[in-house]
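This report describes one protein model together with its ligand.

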Amino acid sequence: MAQRETWTSRVGFIFAAVGSAVGLGNIWSFPFQTASNGGAAFLVVYLLAVFLIGFPTMLIEFVIGRRSKQNAVSAFSELGYGNWTFAGAIGVFASFITLSFYSVVGGWVISYIVGSVTGGYLGQAGTFFGSISSGTVAIGAHAVFMAVTIAIVAGGVADGIERATKFMIPAILVLLVGLAAWGSTLAGSAAGYAYYLSPDFGVIASNFTSIVPSAMGQAFFTLSLGFGVMIAYASYLGRDDSLPADSAIIVVLNTVVALLAGFAVFPILAATDALTGSTGAGTAFVALAGAFGQLPAGQVIGLVFFVVLLFAALSSSISLLEAPASYVVDRYDVARPKVAVGVGLVSFVIGIVPAYGYVGLFNDFVFNILLPIAVLFIALFAGWVANRESIDELGRGTALGQGATTLWLWWVRVVIPIVVAYTLYLGVTNFYT
Ligand code: PHE
Ligand code: NA
C-alpha cells in the first residue's frame with residue numbers, strides 16, 4: 001500500500017481543519033438560524049452547545065483519528081473491541097449526503113457571483129433566486145462547484161487541501177471584517193446589533209424544544225463533527241502536538257467567523273427591515289440580495305460577500321469529499337485522483353434531487369437526525385468501547401495530567417450521550433411534524 005500522506009506542518013493541519021469548519025454553516029446558516037430562532041436567545045444556547053458539547057466531541061474525533069491513523073470507518077475497528085465500524089460509516093454517509101446538497105448551494109453562490117457582476121438580482125431578488133435555485137441552471141452550477149472540489153481533493157492532502165485553505169482562510173477573515181465595518185455604517189445597524197446581542201431569556205424558555213435541536217445541529221454542522229471529517233484529518237497528523245490546544249484554536253476561529261458574519265448580516269437585515277421572518281433554505285439569499293439591491297454600493301458589497309461565501313464553501317466541500325475518498329483510498333488502494341472523481345461524480349448525481357427544490361429537506365435531515373445519531377455513537381464508542389491506550393492519546397504532546405483526561409472521559413461517557421440523545425429525540429419529533 002502507498003505511504004499514507006501527512007500534513008506538512010501543525011499550521012497546515014489547523015488551516016485545513018478550520019477550512020472544513022468555516023463554511024456555509026457560519027456565513028449562511030448561522031446568522032439566519034439566529035435570526036429566525038429569536039436572535040440573541042439562540043446565540044446563547046448555540047455558544048453553550050459549541051463549547052460544552054462541540055469542543056469535547058472534536059477531541060473525540062481527533063483522538064480516534066490520530067491514534068488509529070485510519071479513515072473514519074476503519075478507525076473504529078482498529079481501536080475498540082467488537083465491530084464498531086458502523087459508527088464511522090454513519091458519519092461517512094452523512095458527509096456524502098451533505099456534499100450532494102452543499103454543492104448545490106455552492107452552485108447558488110456561483111450564480112450570485114455572476115449576478116453581482118451583471119446586476120442580475122438587483123431589484124428582483126425573489127425572481128432571481130427562483131431562476132437559479134432549481135432546475136438546469138442549478139444543476140449546471142452544482143456541476144461547476146463539484147468539479148472544482150474534485151480538482152482540489154485530487155491534488156492531495158498537502159498540495160491540494162493544505163495549499164488551498166492557507167489562502168482561503170485569511171481571505172475570508174479580512175473580507176468579513178471589511179463587511180462588518182461597512183455594516184456598522186448603515187442606518188439601523190443599532191437595531192440589528194440589539195436583536196443579535198441582547199438575549200430575551202423568555203424566548204429560550206418558550207421555544208426550548210425547537211431552539212435546542214437547532215442549536216446543537218448547528219454546532220455539530222459548523223464544527224464538522226459527526227461526519228468522520230475530523231477523524232480523517234487527524235489521521236494525517238504525523239506529529240504529536242497538543243490536540244486540546246489545536247482543537248481550541250479551531251473552535252475559537254470557527255466561532256469568530258460565525259460571529260463576524262452575524263456582525264455583517266444583522267445590520268444589513270435591519271437596514272432593510274428584514275430582521276425577523278421565516279427562513280427556508282433560500283430566505284438568506286433572497287434577503288441579502290434584496291438588501292444589496294437597496295443599499296449604497298450594494299452591488300460591489302454583494303460581490304465581496306458572495307466571493308467570501310464561495311471560498312468558505314469550497315474549503316468545506318473539499319473536506320466533505322475527503323472523508324469518503326480517504327476511506328476508499330485506504331481500503332482499496334486506488335489512486336487518489338481516480339477516487340476523488342468517482343466519489344465526486346456519484347455525489348453530484350445524488351445532488352440532482354436537492355437541485356430540484358429539496359435542499360431544505362436534505363439539510364433538516366442531516367441536522368436533526370444524521371448528525372446527532374453519528375455523534376451519539378462516536379461518544380459511546382470513545383467512552384465505553386475504545387481501549388484505554390486510545391483514550392490516553394488525548395494527553396500525548398500536552399502537559400495535561402491524568403485528571404484532565406479522566407474528566408473528559410466521564411464527560412464523554414455520560415454528559416454528551418444524554419444531551420445528544422435528548423437532542424435527537426427533539427430533532428426527530430420536529431422533523432416528522
Ligand atoms: N462545517 C461546515 C460549515 O459550517 C460544513 C461541513 C460539515 C463541512 C462537515 C465539512 C464537513 O459550513
Ligand atoms: Na462552520
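## Ligand shell

The shell around ligand 1 is made up of six nonpolar residues, nine polar residues and no charged ones; here Ala, Val, Leu, Ile, Met, Phe, Trp, Tyr, Cys and Pro count as nonpolar, Asp, Glu, Lys and Arg as charged, and the others, Gly among them, as polar. There are 15 residues around ligand 1, of which Gly23, Gly25, Thr222, Ser224 and Ser316 come nearest. A residue is near a molecule or strand if its C-beta atom, placed from the backbone, lies within 6 Å of it. At least two residues of the shell come from each of helix H1 (10-21), H2, helix H11 (208-222) and H15.

## Basis of the model

This is a predicted model, in which local features need pLDDT of at least 70 and side-chain atom pairs count only at pLDDT 80 or more, while totals for chains, interfaces and linings use all residues. Residues are numbered from 1 along each chain as its sequence is written, and chains are lettered from A and ligands numbered from 1 in the order in which they are written.

## Overall fold

The secondary structure of the protein consists of 19 helices and zero strands. These are DSSP runs numbered from the N terminus, helices being H or I with at least four residues and strands E with at least two.

A compact globule of 433 residues would have a radius of gyration near 22 Å, and the 21 Å of the protein agrees with this. The radius is taken over C-alpha atoms, and the globule rule is 2.2 Å times the number of residues to the power 0.38. Along the principal axes, the C-alpha atoms fill a box of roughly 60 × 50 × 40 Å. Of the 433 residues, 55% count as buried; buried means 20 or more other C-beta atoms within 10 Å of the residue's own, exposed 12 or fewer, and partly exposed in between, with C-beta atoms placed from the backbone.

Among contacts between residues at least 6 apart in sequence, 86% join residues at least 24 apart. Two residues are in contact if their C-beta atoms, placed from the backbone, lie within 7 Å.

## Helices H2 and H15

The axes of helix H2 (residues 24-36) and helix H15 (residues 298-332) come within 8 Å and cross at roughly 120°. Axes are lines fitted to C-alpha atoms, for helices over the stretch in contact, and angles run from 0 to 180 degrees between N-to-C directions. H2 and H15 are therefore oblique to each other: angles under 35 degrees count as roughly parallel, over 145 as roughly antiparallel, 65 to 115 as roughly perpendicular and the rest as oblique.

On the H2 side, Leu24, Asn26, Ile27 and Trp28 meet Val308, Leu309, Ala312, Ala313 and Ser316 of H15. The residues of this contact divide into seven nonpolar, two polar and no charged.

## Selected residues

Arg67 lies in helix H3 (residues 40-68) and counts as buried because it has 23 C-beta neighbours inside 10 Å. Not counting residues up to four places away in sequence, Arg67 touches Leu79, Ser390 and Glu393. Arg67 and Ser390 are 323 residues apart along the chain, yet their C-alpha atoms are separated by 6.2 Å.

Ala297, in the loop between helix H14 (283-294) and H15, has a positive phi of about 60° although it is not a glycine. Asp333, in the loop between H15 and helix H16 (336-351), has a positive phi of about 55° and is not a glycine either. Ala297 counts as exposed, with 10 C-beta neighbours inside 10 Å, and Asp333 counts as exposed with 10 such neighbours.
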